[in-house]
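Subject: Handing over a structure, with notes

Dear colleague,

I am passing this structure on to you, and I would be grateful if you kept it open while you read the notes below.

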Amino acid sequence: MDFDLYVDTSRKGISMALSAQAEETTPGKASGIVPLYEEIVNPEARGETLGGSLDELLKRVGATLDDVKRVMVTVGPGSFSGLRTGVAFCQGISFSGKRELYGVTTLQALECFAASAVKTAVVIRARNGFWYLRLDSKESFIETADVVAQLKQSGVKAIVADEPATADETLKALFTELGATITLDTGKPLNCWAPLFQTVKPNLIQEANYIQPSYFEKLK
């Protein structure tokens with residue numbers, strides 16, 4: 001069975017998931033496809049626990065690293081330390097060429113959490129008074145007033161936002177005015193990102209600048 005691995009270290013801690021489609025055969029009944037999904041979300045975790053997290057996920061699904069065929073990792077915006085360790089780890093386990101490595105922006109991944117296929121924006125906090133905005137496939141680092149101006153002109157029907165965005169009085173009033181469906185950036189399964197495999201090509205250089213020794217695979 002082939003698995004997809006999703007890794008996000010761009011924000012708080014580590015979020016990691018394994019996903020696959022398993023065929024279920026029951027005597028006397030038609031065969032069906034059953035989604036297989038396991039995840040670990042640990043806001044307190046640090047980069048050195050990435051290997052252990054992957055080991056745990058592989059154990060849960062009864063798989064080995066050889067069963068992982070595609071890896072998707074967020075490349076920011078976000079914590080520099082988190083991004084460096086997350087991307088380097090994924091480069092390390094893809095070093096052998098046995099799996100494809102996809103880098104997607106954090107906002108690109110979060111956009112997939114929207115409940116429907118309507119026009120969607122992503123708003124997450126950058127620092128006080130500044131936000132990261134993804135709108136019409138363009139990503140910006142802008143002030144609150146600019147977020148308001150762009151969203152008012154956009155016609156968005158869905159917004160993925162983090163807690164600071166939903167708590168900000170100006171943005172909260174804007175979201176209400178727009179009548180858009182609001183989805184929080186947490187609590188959704190990471191395999192919501194799966195459609196990005198169809199639109200993003202393997203795009204991270206598969207040369208490890210940091211290799212977890214337990215996952216080093218010699219080229220054959």
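Predicted model: local features only at pLDDT ≥ 70, side-chain atom pairs only at ≥ 80, totals over all residues.

A residue is called buried here when its relative accessible area is under 20%, exposed when it is over 50%, and partly exposed in between, with a 1.4 Å probe and protein chains only. By that scale Glu 56 is partly exposed, at a relative accessible area of 32%.

Residues are numbered from 1 along each chain as its sequence is written, and side-chain values use heavy atoms, with hydrogens and water left out.

First, the chain as a whole. The protein chain has seven helices and 10 strands, where helices (H or I, at least four residues) and strands (E, at least two) are DSSP runs numbered from the N terminus. Of its 220 residues, 45% count as buried. With contact meaning heavy atoms within 4.5 Å, 63% of the contacts between residues at least 6 apart in sequence join residues that are at least 24 apart.

Next, helix 4. In this helix, which spans residues 144-154, the buried residues are Thr 144, Val 147, Val 148, Leu 151 and Ser 154. They lie on the same side of helix 4 because they cover an arc of only 135° around the axis, the arc being that of the directions from the helix axis to the C-beta atoms. The face turned away from that buried side carries the exposed residues Ala 145 and Gln 153. As for what the buried residues of helix 4 pack against, the partners are strand 6 (120-127), strand 7 (130-135), strand 8 (138-143), strand 9 (158-161) and helix 6 (169-178). After helix 4 comes Gly 155, which has a positive phi, near 75°.

How do helix 4 and helix 6 lie relative to each other? Their axes come within 10 Å and cross at roughly 5°, where axes are lines fitted to C-alpha atoms, for helices over the stretch in contact, and angles run from 0 to 180 degrees between N-to-C directions. Helix 4 and helix 6 are therefore roughly parallel to each other; angles under 35 degrees count as roughly parallel, over 145 as roughly antiparallel, 65 to 115 as roughly perpendicular and the rest as oblique. On the helix 4 side, Thr 144, Val 147, Val 148, Leu 151 and Lys 152 meet Thr 170, Leu 171, Leu 174, Phe 175, Glu 177 and Leu 178 of helix 6. By class, this contact of helix 4 with helix 6 has seven nonpolar, two polar and two charged residues, with Ala, Val, Leu, Ile, Met, Phe, Trp, Tyr, Cys and Pro counted as nonpolar, Asp, Glu, Lys and Arg as charged, and the others, Gly among them, as polar.

Leu 50, Gly 51 and Leu 54 in helix 1 meet Thr 85, Gly 86, Phe 89 and Ile 93 in helix 2. The contact of helix 1 with helix 2 divides into four nonpolar, three polar and no charged residues.

Finally, some details in the loops. Ala 114, in the loop between helix 3 (106-111) and strand 6, is buried, with a relative accessible area of 14%. Leaving aside neighbours within four places in sequence, Ala 114 is in contact with Thr 120, Ala 158, Val 160 and Thr 183. The loop between strand 4 (68-74) and helix 2 holds Pro 77, which a cis peptide bond joins to Gly 76, with omega about 10°. In the loop between strand 7 and strand 8 you will find Asp 136, which is not a glycine and yet has a positive phi of about 55°. Ser 137 is in the loop between strand 7 and strand 8, and, although not a glycine, Ser 137 has a positive phi of about 70°. Asp 136 counts as exposed at 52% relative accessibility, and Ser 137 counts as exposed at 59%.

With kind regards
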